[in-house]
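Please read them with the structure open.

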Amino acid sequence: MDKPARKAYRKHNSFVELRHKHAGAEQTARARIGAVRSRSDLAAVLSAAHRAIYTQAMADIFGESTTAGGPRFALSPNVIEEINAITDEALPRYLVHRYRYEIFPQKYIVDDFPPYLQIEPSSVCNYRCVFCFETDKTFTRKSAGFMGHMKLDTFKRVVDAADGRVEFLSLASRGEPLLCPDIVPMLAYTRGKFLNLKLNTNASLLDEEKCHAILQSGVKTLVFSADAAAEPLYSQLRVGGKLDKVLANIERFQKIRATQYAGTGLITRVSGVKVNDTQNLDSMQRLWGGLADQVAFVEYNPWENTYQQPINDIAAPCSDLWRRMFVWWDGKVNPCDTDYKSTLSVGSIGDCGLGELWTSEAYERLRRNHLERRRRDQSPCNRCTVV
């Protein structure tokens, strides 16, 4: 498959297009935000620092900000959908943490904890997608030591450390989460803990037990990764996968959701990587639109062989250094997943806490290198396109 040329990649705003079902969703969200703003009791639970962020987020949303220049917090389509799926009581906290996720990386602000945490239940995958580092045999070879599944005790330790401190998390990173032997009890442990917990899956292993586990868990956004609406394109891109099996699994999930878990507020999305022009969102919408709340494509990021890429001239700092932190299956903490072999690891969750790792000297040194435009001296940052 031909792939697009390399260019700077903005992962935090990587949607080529996102389509959703709800007409008038932005007006509804704005009306709710306005109503919540008028209730001082809902913001009273915030700390002084978070109240200041909340006030600024409201000013940005309603065009009242007096700060000259600089980034402004705005309501993107996926944010609007998330706002409409949470309670009024949770909305102030949501806006604070969304502001931290969106704006802090643009202003290079670091506070006590990462705005976003990605937890890897498994680095193993049953697919070999053409755009993924799972195609790198030096990574997937068992003897290399990168393959494994997170233990339940490790998962609980990470979740406990994040609870009340990090509100946006993903259960996904280098592998397929549903391959983890402990994924069902892991999902159960997340119940009621986070404002926005996202699970990414290729849905090939989505049996009835896992459908119920997801729907009973703390998952708020479920992303089914699929890049095509027909064969042979699907299996050409997602090597090892079969479209008919995935389609049947998602149909089962939707039936269980509709008949037994109506009104849960879960957002489902079918999301593909836009690799070439043979992929079409209209055809994706026709196939998947009745089975998911959203259908989207994200930009392709050439990360499948980071370490073999040529050194590039990108000097802008990588925003992920201020946005998210990754915890691998074995507890190792890494600043990104483009560095999928962990050459930039800042430590382990077994050695110190999330906050300590996030503000550690190793992390700060990496941030300084990027801010001082010395990205070219840092490997594999000098071969990466994420900004």
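Predicted model: local features only at pLDDT ≥ 70, side-chain atom pairs only at ≥ 80, totals over all residues.

1. Helix α1, length. Helix α1 covers residues 25-37, which makes 13 residues. At 1.5 Å a residue the helix should span 18 Å. Its end C-alpha atoms are 18 Å apart, so expectation and model agree.

2. Helix α1, buried face. Which residues of α1 are buried? They are Ala25, Ala29, Arg32, Ile33 and Val36. Seen down the axis of α1, the buried residues fall within an arc of 100°, so they line one face of the helix.

3. Helix α1, partners. What do the buried residues of α1 pack against? One partner is a strand, β1 (15-20). The helices are α2 (40-43), α3 (48-61), α4 (77-83) and α5 (91-102).

4. α1 against α5. The two axes come within 10 Å and cross at roughly 110°. An angle of 65 to 115 degrees counts as roughly perpendicular, and α1 and α5 are therefore roughly perpendicular to each other. On the α1 side the contact uses Arg32, Ile33 and Val36. On the α5 side it uses Leu91, Pro92 and Leu95. The residues of this contact of α1 with α5 divide into five nonpolar, no polar and one charged.

5. α3 against α5. Here the axes come within 9 Å and cross at roughly 85°. Helices α3 and α5 are therefore roughly perpendicular to each other. From α3 come His50, Ile53, Tyr54, Gln56, Ala57, Met58, Asp60 and Ile61. They meet Pro92, Leu95, Val96, His97, Tyr99 and Arg100 in α5. The residues of the contact of α3 with α5 divide into nine nonpolar, three polar and two charged. Pro92 and Leu95 of α5 take part in the contact with α1 and also in the contact with α3.

6. Ala57. This residue is found in helix α3. Is Ala57 buried or exposed? Ala57 is buried, with a relative accessible area of 0%. Leaving aside neighbours within four places in sequence, Ala57 is in contact with Phe73, Leu95 and Tyr99. Leu95 and Tyr99 belong to the α5 side of the contact in point 6. Ala57 and Arg100 are 43 residues apart in sequence, and their C-alpha atoms are 9.7 Å apart in space.

7. Leu354. Now to helix α15 (residues 354-358), where Leu354 lies. Leu354 is buried, at a relative accessible area of 2%. Beyond its neighbours within four places in sequence, Leu354 is in contact with Phe113, Leu117, Val158, Ala161, Ala162, Met325, Val327 and Ile349. Arg165 is 189 residues from Leu354 along the chain, yet their C-alpha atoms are separated by 9.5 Å.

8. Lys142. Look for Lys142 in the loop between α7 (137-140) and α8 (152-162). Lys142 is exposed, with a relative accessible area of 76%. Glu208 is 66 residues away along the chain, and the C-alpha atoms of Lys142 and Glu208 are separated by 30 Å.

9. Cis peptide bonds. Please check two of them by eye. A cis peptide bond joins Glu231 and Pro232, with omega about 5°. Pro232 lies in the loop between β5 (221-225) and α11 (233-237). The peptide bond from Ser379 to Pro380 is also cis, with omega near 5°. Pro380 lies in the segment after α16 (361-371).

10. Positive phi. Ala203 has a positive phi of about 70° although it is not a glycine. Ala203 is found in the loop between β4 (196-201) and α10 (208-215). Ala203 is buried, with a relative accessible area of 0%. Arg373 is another non-glycine residue with a positive phi, near 60°. Arg373 is found in the segment after α16. Arg373 is exposed, with a relative accessible area of 59%.

How values were computed
Residues numbered from 1 in each chain as written. Heavy atoms only, no water. Helix = DSSP H or I, 4+ residues; strand = E, 2+ residues; numbered from the N terminus. Expected span 1.5 Å × (residues − 1). Buried < 20%, exposed > 50% of the residue type's maximum accessible area, 1.4 Å probe, protein only. Arc of directions from axis to C-beta. Contact = heavy atoms within 4.5 Å. Axes fitted to C-alpha atoms, helices over the stretch in contact; angles between N-to-C directions. Parallel < 35°, antiparallel > 145°, perpendicular 65-115°, else oblique. Nonpolar A, V, L, I, M, F, W, Y, C, P; charged D, E, K, R; others polar.
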